[in-house]
Amino acid sequence: MDREQFRRIQTRRSFFQECAGGVGIMALAQLMEQEGRGAALDVNPLAPKPPHFAPKAKNVIFMFMEGGPSQIDLFDPKPGLEKWSGKPLPPSMTKDLRLAFTKPNAAVLASPRKFQPYGKSGIEFSDYIPHIGSCADDLCLVRSMFTDAFNHHPGQLLLFGGSIQVGRPTMGAWVLYGLGSESQNLPGFVVLGSGVGTSGGTSNWSSGFLPSTYRGVVLRSSGDPVLYLSNPPGVTRDMQRAELDALKDLNQEHYAETGDVEIASRISSYELAFRMQMAGPELLDFSKESPETLEMYGVKDGPTKQFATNCLLARRMVERGVRFVMLTDASWDDHTDLNRKLKRHCDAADQPTAALIKDLKQRGLLDSTLVVWGGEFGRTPMVEIRDPRDENNAGRDHHPLAYSMFLAGGGIRGGQVIGKTDELCMNVVEDRVHVHDLQATILHCLGLEHTRLTYHHMGRDFRLTDVAGNVVGKMLG
């Protein structure tokens with residue numbers, strides 16, 4: 001080996017000795033980017049992001065009626081049940097039926113509800129929901145929904161997370177991850193609750209393995225929107241700002257050492273909470289809303305007050321750029337005393353639901369806001385009797401094979417019914433729409449291709465629609 005060859009070898013060795021750390025960091029940065037962990041601290045992780053293609057909708061209001069509203073008594077009239085009422089169905093019709101509590105040989109329960117057509121479209125709705133019926137020409141009523149889960153928690157996990165497994169990101173988190181938020185002072189994904197609470201609980205708005213920045217934030221409809229948002233006595237705004245600056249400096253040092261994206265999420269959450277202290281009270285102040293608007297929603301008193309307040313808040317959040325608003329109303333799980341309980345639910349939700357759709361429309365917001373209304377499954381045509389001694393005890397069990405939901409606004413063609421169930425509402429016989437198809441369609445309205453909205457985790461790419469789902473073209477305007 002001559003001197004020149006030795007110098008070339010030595011140069012290569014010196015390069016790798018001196019620069020290997022930098023090469024390694026570049027490789028690590030690329031791997032972190034593939035895992036969705038490339039966000040820098042000086043970049044807002046909730047900043048608006050471009051969609052995959054031009055969207056029709058910018059925001060989503062998902063009105064989740066937890067427990068499973070009875071489609072037979074609200075959306076899908078079945079006069080054919082009358083001839084079977086009080087009798088069991090033939091085994092040939094129920095042999096593969098899986099139910100949570102009722103036996104397949106339970107007697108059929110015909111609905112006492114009266115249906116009538118509404119609007120130019122002539123869509124039929126129950127006498128329990130006349131206000132929703134008045135919006136018929138703006139609604140796309142899907143009577144052919146089906147799902148894979150017949151119990152609440154798995155059904156809710158599938159509806160919002162795309163899988164019955166706990167730990168997946170939920171729909172609102174996926175939307176926020178894909179599009180960011182246009183709101184600077186409020187969370188991009190907000191949850192408002194009414195009723196007794198959902199079976200799935202926080203798993204319905206979890207960020208799963210996505211950074212916690214994308215998790216849904218539960219806001220209260222009175223007082224501080226978030227508990228402990230206000231400063232304790234003696235703590236001024238300047239004192240709080242100095243404390244946050246110190247925390248940010250420490251977290252930045254820690255982030256530089258570890259590259260942990262959750263540190264960036266933590267800093268973002270602190271800063272957002274600081275801004276919310278000013279924005280939150282203004283959000284809850286309805287004093288500038290007209291008396292006509294307050295009356296239309298029903299926020300002042302009566303059975304509508306709680307849900308109506310959340311509906312009005314949802315409209316105000318959309319106006320302020322919140323990307324995904326989830327309204328949960330629990331519980332529509334009417335195993336017993338169906339007629340009385342269902343009326344109570346509808347008395348609380350019917351008027352505010354219609355008011356929200358009409359209010360969005362008159363303000364020019366419905367075209368850019370996708371509204372979704374429904375539960376995790378429907379109810380059986382057979383009766384469930386939990387106490388034979390009580391003649392008013394009749395209810396309906398969970399039914400995942402055929403149920404109804406409706407959508408309005410943001411890219412959806414209203415005034416139509418999609419799908420058809422058989423004469424007993426046991427199975428879908430036309431235009432079946434799986435939960436994954438619904439998810440794919442919602443994302444499509446937002447300008448997101450569901451197969452491209454992925455996150456690399458544990459060695460593979462995950463998505464909301466798992467490995468299934470097709471956009472339902474008939475829904476689109």
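User: Why is Cys-311 called buried?

Analyst: Buried means under 20% relative accessible area, exposed over 50%, and partly exposed in between, with a 1.4 Å probe and protein chains only; Cys-311 has a relative accessible area of 0%, and therefore counts as buried. This is a predicted model, in which local features need pLDDT of at least 70 and side-chain atom pairs count only at pLDDT 80 or more, while totals for chains, interfaces and linings use all residues. Residues are numbered from 1 along each chain as its sequence is written, and side-chain values use heavy atoms, leaving out hydrogens and water.

User: How do you know that Cys-140 is in no disulfide?

Analyst: A disulfide is a pair of cysteine sulfur atoms within 2.5 Å, and the structure holds zero of them. For Cys-140, the nearest cysteine sulfur is that of Cys-445, 9.6 Å away. Cys-140 also counts as buried, because its relative accessibility is 0%.

User: What makes strand 10 largely enclosed by the rest of the structure?

Analyst: Strand 10, residues 395-399, has five of its five residues buried, and so it is largely enclosed. Strands here are DSSP runs (E, at least two residues), numbered from the N terminus.

User: How do you know that strand 9 and strand 10 pair, and in which sense?

Analyst: Two strands pair if DSSP finds at least two bridges between them; strand 9, residues 378-384, and strand 10 have four bridges, in the antiparallel sense. Gly-378 stands opposite His-399 in strand 10.

User: What share of the chain counts as buried?

Analyst: Of its 477 residues, 53% count as buried.
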